[in-house]
Amino acid sequence: MLYYFLQPLARDVRLFNLLNYITFRAAAAFVTALVIAFVVGPWIVGRLRAMAVNQVVREGTPDTHAGKGSTPTMGGLIILAATVVPALLWGRFGARGGEYLLIALLVMLWMGGIGFLDDYLKLRQKRLGLKNEGLVERYKLAGQVTAGVVLGLYLWLQPLSTLPGASTTLPFFKYILIVPLSASLAWLYVPFVTFILTGASNSVNLTDGLDGLATGLTAIAAATFGIFAYLMGRIDTSFYLQIFYLRGAGELTVFCAAIFGACVGFLWFNTFPAQVFMGDTGSLGLGGALGAVSILLKSEFLLLIIGGVFVAETISVILQRSVFKYRRRRFGLEYAQKHRVFKRAPLHHHFEVSGWPETQVVVRFWILGIFCAILALATLKLR
């Protein structure tokens, strides 16, 4: 938005020429997001605390989490505000690439809206003395699937680049584009996109169980995707690295930088001991944003590497539940309870119950997140 107000003045004020550079606008988005988080964060935390919008402790979490029931939740509002405002200020919506930015923002707000409704219902049910189930699981899933179907159909029928709409790429391979074998199979792209978007949003949601864990990992993932968006959006770097050129995709660098700044700013309040939790408002919104960016960059399989920790957390929950149900059906409830795959699930709770302090689990998972990010960046040359 600021680009269209200030760039015409570049003839008189050469400083405004900086707005033509994505790197400058991305840096500005990061700083703006950080400032917004620092400014609105204390106010939002104070309001949430005054309204007694406290965290609902999930069933099955370690006993050490009992005291977190007095910590405010729905802090994801800070993240949404600190992401959306900088993206609107520093993005170029009218030029080529504006569609990338707009779609990513809409997906994030849609998923964040689902999370907000879920958080609100949990708190309302808690105050009424009802079971804290929040939004009915099938309704939540329906909202996520709807976003995936709409996005998949749009990208299939209205490609944003010269590449086929129903396509994706593979890491470690140069110029490898996966497309359906025939037009009759192109519709498979829609459920594929739906699966990626729904899985990404739920993965971040499952990982959000320790102070600062999901926040830090999302910041690492967003920064990494920002680098990929910048490189894919430039003809020279994409040619040199032998990756596909996506005209206009560089605008997603601004969006990723805003998420990075928002997460770093939110981490100020979310680090141990947390003053506020992001809740489903933040986790579903951030997961949806990461999923949308990977889909728009046609790098869905790269998301498996960048978000390796998120994937591991999700697999741990699926494995825990599946094996428990099988053993309960085959050997009985008592046997299944004594022979679980993990002591607790998701994975971070397993290590916490094993004796690792919460801060140790968080920092070590951050290190693994950085490792996954470096591995993903290595795919740029290992082709």
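A nonpolar patch on the surface is formed by Phe 172, Phe 173, Ile 176, Ile 178, Phe 371, Leu 375 and Leu 382, with about 630 Å² of accessible area together. Patch members have over 30% relative accessible area and no salt bridge, nonpolar side chains being joined within 5 Å; areas come from the Shrake-Rupley method with a 1.4 Å probe, and a salt bridge puts a side-chain nitrogen of Lys or Arg within 4 Å of a carboxyl oxygen of Asp or Glu. This is a predicted model, with local features needing pLDDT of at least 70 and side-chain atom pairs pLDDT 80 or more, while totals for chains, interfaces and linings use all residues. Numbering runs from 1 along each chain as its sequence is written, and side-chain values use heavy atoms, leaving out hydrogens and water.

Turning to the rings, there are eight aromatic pairs in the structure (ring centres within 6.5 Å; planes over 60 degrees apart count as edge-to-face). Phe 38 and Trp 268 make an edge-to-face pair, with centres 5.5 Å apart and planes at 70 degrees. That pair links distant parts of the chain, helix 2 and helix 9, 230 residues apart (helices are DSSP runs of H or I, at least four residues). Trp 268 is exposed at 59% relative accessibility, whereas Phe 38 is partly exposed at 36% (buried is under 20%, exposed over 50%, partly exposed in between).

Phe 351 and Phe 365 are also edge-to-face, at 6.0 Å and 80 degrees. Here Phe 365 is buried, at 5%, and Phe 351 partly exposed, at 22%.

Definitions and conventions:
Patches are made of residues with over 30% relative accessible area and no salt bridge: like charges are joined within 9 Å, nonpolar side chains (Val, Leu, Ile, Met, Phe, Trp, Tyr) within 5 Å. Rings of Phe, Tyr and Trp (its six-membered ring) pair if their centres lie within 6.5 Å; planes under 30 degrees apart count as stacked, over 60 as edge-to-face and the rest as tilted. Helices (H or I, at least four residues) and strands (E, at least two) are DSSP runs, numbered from the N terminus. Buried means under 20% relative accessible area, exposed over 50%, partly exposed in between (1.4 Å probe, protein chains only).
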